[in-house]
Amino acid sequence: MESILKTGLAAMEIPAEARQIDLLARYGRTVLERNQVMNLTAVREPEAFARRNILDSAALLRCFEPGAGTLIDVGTGAGFPGMVLKILRPDLRLTLLDATGKKVAFLRETAAALGLHDVRCVQGRGEELGRDPAFREQFDFAAARAVAAMALLAELTLPFLRVGGQLLAMKAEDCEAETAAALPLLRKLGGEPLPAFTYTLPEDDAVRRVIRAEKRAPTPALYPRTWAKMKKEAQG
Ligand code: SAH
């Protein structure tokens, strides 16, 4: 796994020290090991896993620089992209959010085992925490990967951002229709689209996109609504 990570990061021009590559590989092995007893990733083969989960999460650093900012990863699952970003940018103040308690317990345990600081692991639903003053309008960045269609995702993430903060939604190539459909809601939530970032991974032809938006105005108190209401509207 180390050599794929090292070559891949170099090919993407993402600087990483030997210690960080070692941490990424340890993290990857921990996820694959635990995957045998709980459902964390569909990609079980180590090389494909390293590319499609770890390198793909790292690729986010090609379109934004977190610095010492705060980032919430909504629906992080086994920690993608948040945990990878934290290993590569140790100054990042990271919150990992997932609805599933078992996954959050795994994240907490793994962050401690890897010696990562400033990683807060929270179990909860984005549409509920987005109404909690301790989380609402608190973050510089909100990231999400493989969680929901863009309209749902916008409502799950925008409430967490402070005005001036940025949404980074990791999507497959064919996300243009869902992104266009989500635009009116994105604007109601206080967001304004930024140009999408399109990329491929080393030795992989699949085109991927990061749909980006900036928060320009506070999210109206009406949002986020309940999951049932969000889904109903998304289905038209
Ligand atoms: N981002 C990870 C996991 C994707 S699977 C990756 O790219 O591999 C989607 C995850 O989102 C699941 O772990 C699920 O528990 C979580 N999730 C789905 N809806 C959610 C919600 N409304 N609030 C919080 N987490 C949610």
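Biologist: In this predicted model, which residue has a side-chain N or O atom 2.7 Å from an oxygen atom of the ligand?

Modeller: A polar contact requires a pair of N or O atoms within 3.5 Å. An oxygen atom of the ligand and a side-chain N or O atom are 2.7 Å apart, and the residue that supplies the side chain is Asp98.

Biologist: At what distance is a nitrogen atom of the ligand from a side-chain N or O atom of Arg125?

Modeller: A nitrogen atom of the ligand also has a polar backbone atom of Gly75 at 2.9 Å. For the side chain of Arg125, the distance from a ligand nitrogen atom to an N or O atom is 3.0 Å.

Biologist: How much of the ligand's accessible area does the protein cover?

Modeller: On its own, the ligand has 570 Å² of accessible area. The ligand sits in the largest pocket, and 16 residues surround the ligand, with Phe80, Gly126 and Arg145 among the closest. The share of the ligand's area that the protein covers is 83%.

Biologist: Is Arg209 buried or exposed?

Modeller: Arg209 belongs to strand β7, which spans residues 208-215. Its relative accessibility is 12%, and the cut-off for burial is under 20%. Arg209 therefore counts as buried.

Biologist: With which side chain does the side chain of Arg209 make a polar contact?

Modeller: Leaving aside residues up to four places away in sequence, Arg209 touches several residues, including Glu173, Glu176, Phe197, Thr198 and Tyr199. The polar contact between side chains has a distance of 2.9 Å, and the partner of Arg209 is Thr198.

Terms used. Residues are numbered from 1 along each chain as its sequence is written. This is a predicted model: local features need pLDDT of at least 70, side-chain atom pairs count only at pLDDT 80 or more; totals for chains, interfaces and linings use all residues. Side-chain values use heavy atoms; hydrogens and water are left out. Helices (H or I, at least four residues) and strands (E, at least two) are DSSP runs, numbered from the N terminus. Buried means under 20% relative accessible area, exposed over 50%, partly exposed in between (1.4 Å probe, protein chains only). A polar contact is a pair of N or O atoms within 3.5 Å; within protein, one must be able to donate a hydrogen and the other to accept it, and residues adjacent in sequence count only if both atoms are side-chain atoms. Contact means heavy atoms within 4.5 Å. A residue is near a molecule or strand if one of its heavy atoms lies within 4 Å of it. Accessible areas come from the Shrake-Rupley method with a 1.4 Å probe; for residues, only the protein chains shown count as cover. On a 1 Å grid over the protein atoms alone, a cavity is a set of points where a 1.4 Å probe fits but cannot get out, and a pocket is an open set with protein on both sides within 12 Å along at least five of seven lines; lining residues have an atom within 4 Å of a point. A molecule sits in a cavity or pocket if more than half of its atoms lie within 2 Å of its grid points.
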